[in-house]
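Visitor: I have a structure open and I'd like to learn how to read it. Could you take me through some of its features?

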Amino acid sequence: MLDWDFHTHTVYSKHAHPDMTVANSLAAAAAAGITRLVILEHVPEISVERNTVAQWKKGKDERTQLDAIAADLKETEASFPSVKVLRGVELDADPIALDGSSMLKDLSGIDIVLGSTHVFPGGAAFWFDKVSLPPERGWKIALEWAAWAERFVRSGVPHVLSHPGDLVAARELVPPFDKERTLELFDPLLSAMAECGVAFELNELLGAKLPPAYRETYSALVRRARGHRLKFSVGSDAHSPAGVGKFNWAIELIEAAGVTASDLWQPHAS
Ligand SMILES: [Zn+2]
Ligand SMILES: [Zn+2]
């Protein structure tokens, strides 16, 4: 059913499997029957060397990894004619400025921008850092995040919002997605996405990262997004060749939320 994969990483991330070269990724995509593939990397880099927010910030406006992917694609792309490749970036919003601006200005040669917020508003930590917060503080941060993400969407830079809700759900800042007040928190963001034509990503990897109560109720957020008439971008977020084009949780979400083929997003890039 799904022969697109709009979110795959490479060895240049410095945290992917050592086999995840651009050539191996293309071969895996071809073998999995993928016809449109987005190959991307993070800006700023998220890696062992850049594992604090202070170090991560140094990667602002660095596009070394994107240029390395582009160079590899020049060599390899023609060998896999069944796979149409798009050059992407998984681009963070600036968590210090909080004005919706991005961490990379030069987007030349980039077909697809997946917008993300991997860092808490204000820059205190990454979303995957094991901070736990009292409920009042959680709501405060979640509200800041939602308003910031909306400004990012309205900046006109992202085509897709990647793994929406990651930060609030992984850190349990608000109750799970079966609670109306949690869905209401997302409404202004979802309606801005609809207005600006920004797609909602169904990210395969997110399922493995969420606490059970959030994973089990995430389809309610997807349904809410559908209610706002959003389009959905499907991405494995693969970090190894075996993960390219492999969708389980994304398919569960599609079925549970009643997402149809016409609700799926496709990049317009040539
Ligand atoms: Zn991400
Ligand atoms: Zn990613």
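Visitor: Let's begin with one residue: where does Asp237 lie?

Guide: Keep in mind that this is a predicted model. Asp237 sits in the loop between S8 and H9. Its backbone is worth a look too: Asp237 has a positive phi of about 60 degrees although it is not a glycine.

Visitor: Is Asp237 buried or exposed?

Guide: For that you look at relative accessibility, and under 20% is called buried. Asp237 comes out at 5%, so it counts as buried.

Visitor: Which residues coordinate the zinc ion (ligand 2)?

Guide: To read a metal site, list the donor atoms and then their distances. Here the zinc ion (ligand 2) is held by His7 (NE2), His9 (NE2), Glu90 (OE) and Asp237 (OD), at 2.0 to 2.3 Å. Along the chain, the spacing of these donors is H-x1-H-x80-E-x146-D.

Visitor: Why is the arrangement of the four donor atoms around the zinc ion (ligand 2) called what it is?

Guide: You check the angles between the donors. Around the zinc ion (ligand 2) the angles run from 80 to 166 degrees, which makes the arrangement irregular.

Visitor: And what coordinates the zinc ion (ligand 1)?

Guide: The donors of the zinc ion (ligand 1) are Glu90 (OE), His118 (NE2) and His163 (NE2), again listed at 2.0 to 2.3 Å. Their spacing reads E-x27-H-x44-H.

Visitor: How far apart are the zinc ion (ligand 1) and the zinc ion (ligand 2), and which residue coordinates both?

Guide: The two ions are 3.6 Å apart, and Glu90 coordinates both. Glu90 lies in strand S4 and His163 in the loop between strand S6 (160–161) and helix H5 (166–170), so this pair ties together parts that are 73 residues apart in sequence.

Visitor: What about accessibility: are Glu90 and His163 buried or exposed?

Guide: Glu90 has 0% relative accessibility, so it counts as buried. His163, at 4%, counts as buried as well.

Visitor: Now helices. At what angle do helix H4 and helix H6 pack?

Guide: Two packed helices are described by the angle between their axes and the distance between the axes. Helix H4 (residues 135–154) and helix H6 (residues 180–196) meet at about 10 degrees, with axes 8 Å apart. H4 and H6 are therefore roughly parallel to each other. Residues making the contact include Trp139, Leu143 and Trp145 of H4, and Leu185, Phe186 and Met193 of H6. Sorted by kind, the contact residues are 14 nonpolar, one polar and four charged.

Visitor: Which residues does Ser219 touch?

Guide: For contacts like this, sequence neighbours are set aside. Not counting residues up to four places away, Ser219 touches Leu253, Ala256 and Ala257. Ser219 itself is in helix H8 (residues 212–227), and it is buried, with a relative accessible area of 12%.

Visitor: Gly227 lies in helix H8 too. Is Gly227 buried or exposed?

Guide: Gly227 is exposed, with a relative accessible area of 60%.

Visitor: What joins Val43 and Pro44?

Guide: For a peptide bond, the angle to read is omega. Val43 and Pro44 are joined by a cis peptide bond, with omega about -5 degrees. Pro44 is in the loop between strand S3 (42–43) and helix H2 (53–56).

Visitor: What is the phi of Leu98?

Guide: Leu98 has a positive phi, about 55 degrees, although it is not a glycine. You'll find Leu98 in the loop between S4 and strand S5 (112–116), where it is partly exposed, with a relative accessible area of 23%.

Visitor: One last stop: where is Glu77, and what is it in contact with?

Guide: Glu77 lies in the loop between helix H3 (64–76) and S4. Leaving aside neighbours within four places in sequence, Glu77 is in contact with Leu26, Val85 and Arg87. Glu77 is partly exposed, with a relative accessible area of 24%.

Technical notes: Residues are numbered from 1 along each chain as its sequence is written. Chains are lettered from A and ligands numbered from 1 in the order in which they are written. This is a predicted model: local features need pLDDT of at least 70, side-chain atom pairs count only at pLDDT 80 or more; totals for chains, interfaces and linings use all residues. Side-chain values use heavy atoms; hydrogens and water are left out. Axes are lines fitted to C-alpha atoms, for helices over the stretch in contact, and angles run from 0 to 180 degrees between N-to-C directions. Helices (H or I, at least four residues) and strands (E, at least two) are DSSP runs, numbered from the N terminus. Angles under 35 degrees count as roughly parallel, over 145 as roughly antiparallel, 65 to 115 as roughly perpendicular and the rest as oblique. Contact means heavy atoms within 4.5 Å. Ala, Val, Leu, Ile, Met, Phe, Trp, Tyr, Cys and Pro count as nonpolar, Asp, Glu, Lys and Arg as charged, and the others, Gly among them, as polar. Donors are N, O and S atoms within 2.8 Å of the metal (3.2 Å for Na, K and Ca); water is not among the atoms, so sites may look incomplete. Four donors count as tetrahedral if all angles lie between 85 and 135 degrees; four count as square planar and six as octahedral if opposite donors are over 155 degrees apart and all others between 65 and 115; anything else is irregular. Buried means under 20% relative accessible area, exposed over 50%, partly exposed in between (1.4 Å probe, protein chains only).
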